[in-house]
Amino acid sequence: MDEPKRFRAARDNFRWDGVAELAYKQDGSAPFKDISRQVLFDEPSLGCQLRYFEMKPAGYSTLERHEHVHAVMILRGHGACLVGDEVRRVKPHDLVTIPPMTWHQFRADPGEAMGFLCMVNQARDKPQLPSAGDLDALRKNPRIAAFLDDAHHD
Ligand code: MN
């Protein structure tokens, strides 16, 4: 097995030497729009991965929840994120913690790509998608309803 490279240079436009740009969800089973994934670190001794996700303007991640936690730093662009019952504007270098079993979604503003670093356990449970009942419950909060509606118009 190859040892990980000790130094990998940044390229233009949020790419890195030796890091492939991957499809966001391998199985294509969940709703999302215009988002790519790069695995920057995948270290068994740390037990975690550090990924870089990037959404094109108006792109969004899957609305989901799971037992594993995310530690996120916004790296470029502006947008909004839903964490549980809160919707917040986010900007570069803001930090976001996604606790266990908490609904979450990231959405880029229309004019601008948004990218973020996301640390996650290597061994982790599969994300759950909201049922119709879960979505109804989320939409009872007008701020969340507005966030979800924004996330789905092109
Ligand atoms: Mn997630």
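**A ring pair and its surroundings**

Mentor: Trp16 and Tyr52 are both buried, where buried means a relative accessible area under 20%, exposed means over 50%, and partly exposed covers what is in between (1.4 Å probe, protein chains only). The model is predicted, so local features need pLDDT of at least 70 and side-chain atom pairs count only at pLDDT 80 or more, while totals for chains, interfaces and linings use all residues. Residues are numbered from 1 along each chain as its sequence is written, and side-chain values use heavy atoms, with hydrogens and water left out.

The structure contains four aromatic pairs. Rings of Phe, Tyr and Trp (its six-membered ring) pair if their centres lie within 6.5 Å; planes under 30 degrees apart count as stacked, over 60 as edge-to-face, and the rest as tilted. One of the pairs is Trp16 with Tyr52, which is edge-to-face, at 5.4 Å centre to centre and with 70° between the planes. Trp16 lies in the segment before β1 (22-23) and Tyr52 in strand β3 (residues 48-60), so this pair ties together parts that are 36 residues apart in sequence. Strands (E, at least two residues) and helices (H or I, at least four) are DSSP runs, numbered from the N terminus.

With a relative accessible area of 27%, Phe14 is partly exposed. Its phi is positive, at about 60°, although Phe14 is not a glycine. Another non-glycine residue with a positive phi is His93, with a value near 80°. His93 is in the loop between β6 and β7 (95-98), and at 55% relative accessibility it counts as exposed.

Leu22 has a relative accessible area of 33% and is partly exposed. Its C-alpha atom is separated by 6.1 Å from that of Ser36, which is 14 residues apart from Leu22 along the chain. Not counting residues up to four places away in sequence, Leu22 touches Ser36, Arg37 and Val39, contact meaning heavy atoms within 4.5 Å. Lys33 lies in strand β2 (residues 33-43) and counts as buried at 19% relative accessibility. The side chain of Lys33 makes a polar contact with that of Asp34 (3.3 Å). A polar contact is a pair of N or O atoms within 3.5 Å; within protein, one must be able to donate a hydrogen and the other to accept it, and residues adjacent in sequence count only if both atoms are side-chain atoms.

The manganese ion has Glu64 (OE), His66 (NE2), His70 (NE2) and His104 (NE2) as protein donors, 2.0 to 2.3 Å from it. Donors are N, O and S atoms within 2.8 Å of the metal (3.2 Å for Na, K and Ca); water is not among the atoms, so sites may look incomplete. The spacing of the donor residues in sequence is E-x1-H-x3-H-x33-H. His70 in strand β4 (residues 70-76) and His104 in strand β8 (residues 104-108) are 34 residues apart, and the pair links distant parts of the chain. His70 and His104 are both buried.

Five of the five residues of strand β5 (residues 79-83) are buried, so β5 is largely enclosed by the rest of the structure. In a regular strand, side chains alternate between the two faces of the sheet. In β5, Gly79, Cys81 and Val83 are buried on one side, and Ala80 and Leu82 on the other. Strand β5 runs antiparallel to β6 (residues 86-90), joined by five bridges; strands pair if DSSP finds at least two bridges between them. Leu82 has Val87 as its bridge partner in β6. Five bridges also join β5 to β8, again antiparallel, and there Cys81 is partnered with Phe106.
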